[in-house]
Amino acid sequence: MACRAASQLFCRRLASGSAAVRPVSAELRRLRSELFSREQARQRAQFPRTEKIEVSLQGPGLQGTLLVMNRGLSTPYSCAQHLSEWQVSSVALALVDGEVWPLHRPLTSSCSLALLSFKDPEPHHVNQAYWRSCAMLLGQVLQAAFKEEFNVELLRSPELPVISGAFCCDVILDPGLDSWTPSKEVLHSLSRDAQLLIQQDLPWEPLEVQPAVALEVFKHSRCKQQEVEQRAAESPGGTVTLYRCGDHVDVSGGPLVGRTGLCGQYEVTAIHSLGPGSWGLQRRVQGLSLPLLLEAHHTVWRRLRDRAQRLVEVPLTASAASPQAPPSEVPQAPPSVPQL
């Protein structure tokens, strides 16, 4: 995947200090994905024997349904596959014994299970997971959009509510691009790259790891190593959750939805300069998306997009692991702006 419009601007090879000491982007993705696979296999090997667990399903029409699944192997998504095609296509997240649970995280004991979708009466958890997922998808696009000689560092994504109007991905581009001004064609190209990932319907695979493992995965990124240390310090168990989509691996402070194919309308709306930071010139890349089953009319989408182009001001606490307010405490969007 390449940012075609931007490639004309980057025809001259610029060598930066960071590019000289680290593998190119494709090699980095391969190394991180291999480390992810190795740790995933190690964790699965902790369940050498097939042990059965009972999963009691909750929700309309599912009360009393009991599934017998495999401990350490079966996931909420596996359970959905035992139900109906509608459940498989619409489920985005799960509640396991009341705890928000990614669709592709294995179940480790007998439990109650509720499958969540965007059509639920209280979609707060799903909405937040979706917004978080869209931001991670944007980071994946950005890391693959530029020529290999240009280093792209993903900073810790701010945790924003859906009513902020846009999801955000903060980045530091190669110093050789400090004077670069993105055009509308660049934004369109990034949006097309995101749509390609959406069309592939790739799963977001979660993996909870010890900080030492995450530090090894991101050993070539000072920014990500700092984020790993921060998230480990904030986690009650001292662990870090990684997600893989294709060959892209990143850190997340909360659950993501099950797959990229759940995204419908998706557009990269703006790239704002935030000024110099600890690692270089910071930029905030913003986007807007609606789930596949909740697409908006083009006039409504245009109003939402205009709003998503304005710089999102992130409170100082938003980039930390902030607790999510329950639905009753989340401010309501204006009547003209539909919520997810």
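Residues are numbered from 1 along each chain as its sequence is written, and side-chain values use heavy atoms, with hydrogens and water left out. Because the model is predicted, local features need pLDDT of at least 70 and side-chain atom pairs count only at pLDDT 80 or more, whereas totals for chains, interfaces and linings use all residues.

The structure holds 4 aromatic pairs, where rings of Phe, Tyr and Trp (for Trp, the six-membered ring) pair if their centres lie within 6.5 Å, and where planes under 30 degrees apart count as stacked, over 60 as edge-to-face and the rest as tilted. One of these is the edge-to-face pair of F118 and Y130, with 5.3 Å centre to centre and 85 degrees between the planes. F118 lies in the loop between β5 (111–116) and α6 (124–145) and Y130 in helix α6, so the pair ties together parts that are 12 residues apart in sequence; helices (H or I, at least four residues) and strands (E, at least two) are DSSP runs, numbered from the N terminus. Both F118 and Y130 are buried, a term that means under 20% relative accessible area, with exposed meaning over 50% and partly exposed in between (1.4 Å probe, protein chains only).

F146 and W180 form another edge-to-face pair, at 5.5 Å centre to centre and 90 degrees between the planes. This pair links distant parts of the chain, 34 residues apart, since F146 is in the loop between α6 and β6 (152–154) and W180 in the loop between β7 (167–173) and α7 (184–200). F146 counts as buried because its relative accessibility is 9%, and W180 counts as buried at 9% relative accessibility.

Strands β9 (residues 240–245) and β10 pair in the antiparallel sense over 5 bridges, two strands being paired if DSSP finds at least two bridges between them. They form a hairpin with 2 residues between them, and G246 in the turn has a positive phi of about 65 degrees. Across the pairing, R244 stands opposite V249 in β10. Strand β10 (residues 248–252) is largely enclosed by the rest of the structure, because 5 of its 5 residues are buried. In a regular strand the side chains alternate between the two faces of the sheet. Both faces of β10 are covered, with buried H248, D250 and S252 on one side and buried V249 and V251 on the other.

V249 and D250 also belong to the lining of the second largest cavity, together with R32, Q143, V152, E153, L154, S221 and K224. The largest share of this lining, 3 residues, comes from β6, and by class the lining has 3 nonpolar, 2 polar and 4 charged residues. On a 1 Å grid over the protein atoms alone, a cavity is a set of points where a 1.4 Å probe fits but cannot get out, and a pocket is an open set with protein on both sides within 12 Å along at least five of seven lines, while lining residues have an atom within 4 Å of a point.

The second largest pocket is lined by 23 residues, of which Q43, R105, P106, L207 and E208 lie nearest its centre. Elements giving two or more residues to this lining are α3 (25–44), β4 (99–101) and β8 (205–209).

How values were computed:
Nonpolar A, V, L, I, M, F, W, Y, C, P; charged D, E, K, R; others polar.
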